[in-house]
Amino acid sequence: MIKFDSVTKRYNQHIIALENVCFELDQGDFCYITGPSGAGKSTILKLLIKEETPTSGNIFYEDIEVPKIPHTMLPSYRQKLGVVFQDMKLLDTRTLEENIAFALEILNTQPLKIKDTTDYLLELVNLEDRRNLLPTQLSGGEQQRGAIARALASNPSLFIADEPTGNLDKDNSLMILDILKKINQSGTTVIVITHDMGLVDTSNGSSRKIHLEKGKVASDSQPQKKKSPKPTVKKVKKNTKTKMDSQLSSLSKGLVAKLEKSAIYSNEILLSLTQKDLKTLKLSRKEGKELEKYIKNYLSKKQNETKGN
């Protein structure tokens, strides 16, 4: 599901956040990424959500090359991810219930579904009686559980928690861990980024543990046995006619012609295009909107199929 392939992230010649990091995670894994402050833990999160791009190496989410996701497609990609940041980012002017509902409203969810999902998530994190309170009226542990509930609103296939117990006592930390395990048991892949080794020690032996030191993988409880070969791109001969995916061929004739001219015959190739690649297609404004709508619908359909399985 996730692959970091020899990933290095440099900010300058003196600051190396990650160096040659390699690991793979399967669907349904529960993984701790640990290490001291400055080890590169949060950089992994930033790379996964494409807040940052690697200096070298590659990152894959399923069959998507994350560094090559066009800027316009980032919202669709990030809907697949549920992320709880260290500062939680709850909206101070909205109640806890409104915070969760807002995450669904921006996805154009029907009002009845919003209510049902919000009720379910508040029950999951045991905050039904706090639904009408503002974040400032909640304790640190309650805010953290509320942030988890909001991150789950889009039913993500990958859930990432960055230092979820950083400022919590032992009891609240164990409560958060229990919620994360429930999320994982439902089939969601969970990554917990933490420096709290006490939290990791309470976990069962089946959880993956990747420990970072100075930007490098110092230890991995399930190390990569064999480095997968880099995918090769087959060159299309000038006189060879490659058949376009039926879904792509349903687009307008002018748009299809431009895609064929650039040897874009599949959805996989389309999703790997950078913003610079898209500019070279020289699409009209109408064609650009048509292509953007197509990609959003394709990613949404694929996400639903994944949930169905």
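Two exercises with worked solutions follow.

The model is predicted, so that local features need pLDDT of at least 70 and side-chain atom pairs count only at pLDDT 80 or more, while totals for chains, interfaces and linings use all residues. Residues are numbered from 1 along each chain as its sequence is written, and side-chain values use heavy atoms, with hydrogens and water left out.

**Exercise 1.** Work out in which order the four strands of the open sheet lie, and what packs on the sheet.

*Solution.* Strands here are DSSP runs of E of at least two residues, and helices are runs of H or I of at least four, numbered from the N terminus. Two strands pair if DSSP finds at least two bridges between them. The order is 2-1-4-5, with antiparallel pairing. Strand 2 (16-25) and strand 5 (64-65) lie at the edges, each pairing on one side only. Helix 1 (residues 41-48) packs on this sheet and touches strand 1, strand 2 and strand 4 (56-61), where a contact means heavy atoms within 4.5 Å. Next, strand 1 (residues 2-10) pairs with strand 2 over six bridges, and Leu-25 in strand 2 is the bridge partner of Ile-2.

**Exercise 2.** Locate Ser-154 and decide whether Ser-154 is buried or exposed.

*Solution.* Ser-154 lies in the loop between helix 5 (140-151) and strand 7 (158-162). Its relative accessibility is 18%, and therefore Ser-154 counts as buried, a term for under 20% relative accessible area, with exposed over 50% and partly exposed in between (1.4 Å probe, protein chains only). Finally, the side chain of Ser-154 reaches the backbone oxygen of Gln-79 at 3.3 Å.

Conventions. Axes are lines fitted to C-alpha atoms, for helices over the stretch in contact, and angles run from 0 to 180 degrees between N-to-C directions. A polar contact is a pair of N or O atoms within 3.5 Å; within protein, one must be able to donate a hydrogen and the other to accept it, and residues adjacent in sequence count only if both atoms are side-chain atoms.
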